[in-house]
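Try each task before you read its solution.

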Amino acid sequence: VSGIDLHFSHQSTFISRRQNTSPSWWSHGELHAHLNGSVSFSTIEKLVARKPHLNIEHGMTAIRSGQRRTLDECFQVFKVIHQLVDTEEDILMVAKDVIREFAADGVKYLELRSTPRKEKTTGMTKRRYVETVIEAIRQCKNEGVDIEVRFLVAVDRRNGAEVAMETVKLAEDFMLSTGGLVVGLDLSGDPMVGHGRDLLPALQKAKNCGLKLSLHLSEVPSQADESELLLNIPPDRIGHGTFLHPEVGGSQSLVDKVRKHNTPLELCLTSNVKGQTVSSYSQHHFLYWYQMGHPSVLCTDDKGVFCTDLSQEYQLAASTFNLSQEDMWTLSQKAIDCTFAPDLQQQLHQKWLELRPTLFQL
Ligand SMILES: CNc1ncnc2c1ncn2[C@@H]1O[C@H](COP(=O)(O)O)[C@@H](O)[C@H]1O
Ligand SMILES: [Zn+2]
């Protein structure tokens, strides 16, 4: 990450604000979390100790509070983390740590997503990559961590049509062999690179074989044409959708498509503000969709890189948009209907109801 100053020392105004308030345990359902973007400070320390020769410091893997980076710089950060996470042992540790951390934050249902990577130097294959994440999910379950976890295999748009198709095949294999732990396919990666048109056959195939589709759409302003195309599939959920509506350069036709299919949006406040696609919390498109009553789910995106957690995202939404406890409860409850695990929804609704009295006592 030469040329980018990624060393910061500022303490967050938000963190100090948060210390004065009760912890929020509304954060029961996390639907948009990239595995390698979710790696915490303590896990990074363990990885750095395993690979001292890389000379990586924590300041290079996280964007602290009060700091902002361009989206492009955020993608440099992922490259650094990928250097640190390049063996099966690393993936296992990272995935288990991330799952435990979400559980400690009160998350009861987690959908993780990650891009299978092949690493020639360590012999890691894409198949082993996915198997290792699945193993981490199973180990956490066996160890009694109080959280249900499902997995979305991610397609990095940068890698083009052929890799996308291979990834879909891999995801389909795992959907069939993991007893429902692999539930879907994610499309992510640098939105400035590649075009969704080339990935359409792969995404269509994924949809046809029963994988749920969560697509990063209109994360940057220049993607209106691509979004028109991808919304025709249609996806089962949308990541960000920052520039879909007309006020920000999208169009009514895009909004109408999203509305027609009632496609839920995964909204990540801190990620968008720190990545500078949204100018401030109060300007976040959460308000546009929320006021419309459209299904919108608060998510972290990359809790490690953006130094946040799901409780913090709920608190941010509450303080920014003046949401009541009842509003927060409803928001958190509605997230259940947007999950890719219909088999669990009834059980989750029950769990949420059991948790409700403890929430209102805070
Ligand atoms: C900030 N907004 C974002 N927009 C688009 N893609 C993102 C992203 N944040 C993360 N990723 C995607 O997730 C990968 C890291 O996790 P995994 O190695 O897959 O676990 C990144 O390389 C990128 O492809
Ligand atoms: Zn994302």
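Predicted model: local features only at pLDDT ≥ 70, side-chain atom pairs only at ≥ 80, totals over all residues.

Residues are numbered from 1 along each chain as its sequence is written, chains are lettered from A and ligands numbered from 1 in the order in which they are written, and side-chain values use heavy atoms, with hydrogens and water left out.

**Exercise 1. The metal site**

Find the residues that coordinate the zinc ion (ligand 2), and describe the arrangement of their donor atoms.

Solution. Start with the criterion: donors are N, O and S atoms within 2.8 Å of the metal (3.2 Å for Na, K and Ca), and sites may look incomplete because water is not among the atoms. Applied here, it gives NE2 of His 32, His 34 and His 216 together with OD of Asp 301, at 2.1 to 2.2 Å.

Next, look at the angles. Four donors count as tetrahedral if all angles lie between 85 and 135 degrees; four count as square planar and six as octahedral if opposite donors are over 155 degrees apart and all others between 65 and 115; anything else is irregular. The four donor atoms around the zinc ion (ligand 2) subtend angles of 81 to 167°, so the arrangement is irregular. For reference, ideal angles at a metal are 109.5 degrees for four tetrahedral donors.

Now place the donors in the sequence. Their spacing reads H-x1-H-x181-H-x84-D. His 216, in strand β5 (residues 212-217), and Asp 301, in the loop between β8 (296-298) and α12 (310-321), are 85 residues apart and link distant parts of the chain. Helices (H or I, at least four residues) and strands (E, at least two) are DSSP runs, numbered from the N terminus.

Finally, check the accessibility of this pair. Buried means under 20% relative accessible area, exposed over 50%, and partly exposed in between (1.4 Å probe, protein chains only). His 216 is buried because its relative accessible area is 7%, and Asp 301 is buried too, at 3%.

**Exercise 2. The ligand**

Which residues come nearest to ligand 1, and how much of ligand 1 does the protein bury?

Solution. A residue is near a molecule if one of its heavy atoms lies within 4 Å of it. There are 17 residues around ligand 1, and those that come nearest are His 82, Ser 114, Thr 115, Glu 219 and Asp 302.

Then turn to polar contacts, which are pairs of N or O atoms within 3.5 Å; within protein, one must be able to donate a hydrogen and the other to accept it, and residues adjacent in sequence count only if both atoms are side-chain atoms. A polar side-chain atom of His 34 is 3.1 Å from an oxygen atom of ligand 1. A polar backbone atom of Leu 35 lies 3.5 Å from an oxygen atom of the ligand, and a polar side-chain atom of Asp 301 is 3.4 Å from a nitrogen atom of ligand 1. Of the 510 Å² that ligand 1 exposes when taken alone, the protein buries 98%; these areas come from the Shrake-Rupley method with a 1.4 Å probe, and for residues only the protein chains shown count as cover.

**Exercise 3. Backbone details**

Locate the cis peptide bond, then say whether His 240 and Asn 262 are buried or partly exposed.

Solution. The cis bond joins Ile 233 and Pro 234, with omega about -15°. Pro 234 sits in the loop between α8 (224-231) and β6 (237-240).

His 240 lies in strand β6 and has a positive phi, near 70°, although this residue is not glycine. His 240 counts as buried because its relative accessibility is 0%.

Asn 262 belongs to the loop between α9 (252-260) and β7 (265-267). Its phi is also positive, near 55°, while a relative accessible area of 45% makes Asn 262 partly exposed.

**Exercise 4. Distances along and across the chain**

Solution. Trp 26, in the loop between α1 (13-19) and β1, is 318 residues from Leu 344 along the chain, and their C-alpha atoms are separated by 18 Å. Arg 117, in the loop between β2 (109-114) and α5 (126-142), is 10 residues from Arg 127 in sequence and 8.7 Å away, C-alpha to C-alpha.
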